[in-house]
Amino acid sequence: MNQSDFTSLEDGLDGDTLHEECGVFGILGHPDASTLTALGLHALQHRGQEAAGIVSFDGQQFHTEKHMGLVGDHYTDPATLAKLPGTVAIGHTRYSTTGEVALRNVQPLFAELEEGGIAIAHNGNFTNGLTLRRQIIATGAICQSTSDTEVVLHLIARSRHSSTADRFIDAIRQMEGGYSMLAMTRTKLIAARDPIGIRPLVMGELDGKPIFCSETCALDIIGAKFIRDVENGEVIICEIQPDGSITIDARKPSKPQPERLCLFEYVYFARPDSVVGGRNVYTTRKNMGINLAKEAPVEGDVVVPVPDGGTPAALGYAQQSGIPFEYGIIRNHYVGRTFIEPTQQIRAFGVKLKHSANRAMIEGKRVVLVDDSIVRGTTSLKIVQMIRDAGAKEVHIRVASPMIFHPDFYGIDTPDADKLLANQYADVNAMAKYIGADSLAFLSIDGLYRAVGGAPRDPERPQFTDHYFTGDYPTRLLDREGEKVGRKVSMLASNG
């Protein structure tokens with residue numbers, strides 16, 4: 001099966017979703033470092049299902065295991081974990097936003113530097129990564145991957161600072177975009193978050209040992225204690241001392257800026273049981289549904305979520321509207337991506353491979369269908385048809401986030417602007433007609449802000465990153481601007 005075959009099949013199954021970003025996990029000084037990292041990555045699996053990697057250090061040398069596929073497919077094997085000895089480890093679960101799907105791009109990436117080995121993993125995207133890549137290649141550097149993480153390794157290697165921590169800080173000062181990053185040396189675990197905090201990163205503790213990960217759910221799975229969020233623009237350096245103690249040095253090397261956490265962490269990406277930016281994700285999603293019911297009421301007999309993302313919002317909508325909530329769509333959680341040949345007949349099944357209508361809850365009823373977001377609208381079209389085929393009298397779609405007008409460049413894999421539903425039709429009525437719904441309504445940007453932060457959007461100083469809705473990009477987009485003069489990144493096909 002070649003790459004175009006993968007793309008064709010996924011267009012039928014996943015092509016109308018905002019693909020997850022990545023997840024990172026790291027722990028220092030624990031005898032079960034690799035096992036705990038594998039468990040943490042398992043909890044972060046929703047952030048990336050393409051590949052996963054772990055690097056450990058046993059006091060003498062570094063060890064790495066990288067595999068395509070799910071964490072549970074490889075890292076539940078004791079023989080695999082036995083290959084990762086040591087008391088320090090970092091791990092990464094990946095969905096590619098920069099670089100093709102290949103084992104050579106699976107993080108953490110490792111390099112041997114003057115001061116010793118270093119492994120790096122990050123979640124997010126650098127908006128000047130390609131620009132910097134061109135510059136370092138022009139000076140004679142050789143890049144082995146197409147991941148922008150490798151650029152950071154080159155910048156660390158070229159830094160004239162003496163300590164690894166200072167070299168790391170020197171490198172990330174040159175990076176722009178949204179990211180959370182972990183680095184591991186023989187004695188250190190370093191965590192960093194971008195200057196405005198687009199991507200999340202939290203600090204925890206288990207048996208007195210520091211942990212960093214993308215979401216609190218990764219702490220919960222191993223029974224670790226949540227300490228705090230890593231602040232925007234903060235670099236935290238944890239180091240094992242000769243006597244076995246661990247020192248923690250928190251620095252703020254960048255100019256202080258207001259935090260602007262990505263709103264899509266609340267809308268779509270984070271697990272409902274996680275706490276992001278001090279806010280429970282489940283509660284914020286339920287609030288989105290409550291606000292949606294206030295802004296876009298409709299007469300209906302049953303509120304049905306599009307699982308799983310629409311479920312908390314649907315509960316909120318039902319609570320506020322007084323319309324009964326029912327599971328009118330049942331999701332099949334065990335659909336693989338490549339277990340069948342992507343023939344046209346199979347592609348025609350599309351959504352039915354993942355969702356089935358629960359006819360008993362739908363037939364003869366006016367259905368209020370609640371989803372977390374609509375990207376291209378192709379999946380919504382198929383779901384509406386499925387609901388009608390199950391006997392629904394009316395189908396009204398309510399979306400618990402605003403219309404998406406703009407692509408993302410900070411780690412979310414979004415279609416080009418001209419492929420987004422909101423840019424293809426003149427108004428909501430035209431969109432509803434395309435989808436086949438009796439009505440369609442989206443949550444307002446202020447309704448979303450109130451659900452998450454309690455106050456409407458401040459247009460002068462937005463409290464969150466929301467460019468996909470508003471077009472207000474919080475950083476420069478140097479790589480995007482560079483496309484006007486052309487760019488080239490070679491792709492080496494990998495069979496690994």
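In this predicted model, Asp308 has a relative accessible area of 36% and is therefore partly exposed. Its side chain meets that of Arg331 in a salt bridge, with 2.8 Å from N to O. Arg331 belongs to strand S18 (residues 329-331) and Asp308 to the loop between S17 and helix H10 (311-321), so this pair ties together parts that are 23 residues apart in sequence. Arg331, with a relative accessible area of 33%, is partly exposed as well.

This pair is one of 22 salt bridges found in a search of the whole structure. Another joins Glu259 to Arg193, with the closest N and O atoms 2.9 Å apart. Because Glu259 sits in the loop between strand S13 (246-251) and strand S14 (261-262), while Arg193 is part of strand S8 (residues 188-193), the bridge ties together parts separated by 66 residues in sequence. The two partners fall into separate accessibility classes: Glu259, at 37% relative accessibility, counts as partly exposed, whereas Arg193, at 4%, counts as buried.

A further bridge is formed by Lys252 and Glu231, whose closest N and O atoms are 3.0 Å apart. It links distant parts of the chain, with Lys252 in the loop between S13 and S14 and Glu231 in the loop between S11 and strand S12 (235-240), 21 residues apart. Lys252 is partly exposed at 45% relative accessibility, and Glu231 is partly exposed at 39%. Salt bridges also link Arg47, Arg199, Glu215 and Glu265 in a network.

UniProt, in an unreviewed entry, places the feature "active site" at Cys22. This residue is found in strand S1 and, because its relative accessibility is 7%, counts as buried.

Strand S1 is itself part of an open sheet of 7 strands, arranged in the order S3-S2-S4-S1-S10-S9-S11 with antiparallel pairing. Strand S3 (62-68) and strand S11 (225-229) form the edges, each pairing on one side only. On average, neighbouring strands of the sheet are turned by 15° against each other, direction ignored. At the S3 end, S2 and S3 pair in the antiparallel sense over 7 bridges, and Phe57 stands opposite Phe62 in S3.

Helix H2 packs on this sheet, where it touches S1, S2, S4 and S9, and its direction makes about 25° with that of S4. H2 (residues 33-43) is mostly covered, with 8 of its 11 residues buried. Among them are Leu36, Thr37, Gly40 and Leu41. The packing partners of these buried residues also include helix H3 (78-82) and helix H7 (217-220).

Elsewhere, helix H4 (residues 129-138) has buried residues that include Leu130, Leu132, Arg133 and Ile136. Just after H4, Gly140 takes a positive phi of about 105°.

Finally, Val298 lies in the loop between helix H9 (281-295) and strand S17 (302-305). Beyond its neighbours within four places in sequence, Val298 is in contact with Tyr317, Ile323, Val368, His396, Arg398 and Ser439. The C-alpha atoms of Val298 and Val367 are separated by 9.9 Å, although the two residues are 69 residues apart along the chain.

How values were computed
Residues numbered from 1 in each chain as written. Predicted model: local features only at pLDDT ≥ 70, side-chain atom pairs only at ≥ 80, totals over all residues. Heavy atoms only, no water. Buried < 20%, exposed > 50% of the residue type's maximum accessible area, 1.4 Å probe, protein only. Helix = DSSP H or I, 4+ residues; strand = E, 2+ residues; numbered from the N terminus. Contact = heavy atoms within 4.5 Å. Pairing = 2+ DSSP bridges. Axes fitted to C-alpha atoms, helices over the stretch in contact; angles between N-to-C directions. UniProt positions renumbered as here; feature names shortened; annotations may be inferred. Salt bridge = Lys/Arg side-chain N within 4 Å of Asp/Glu carboxyl O.
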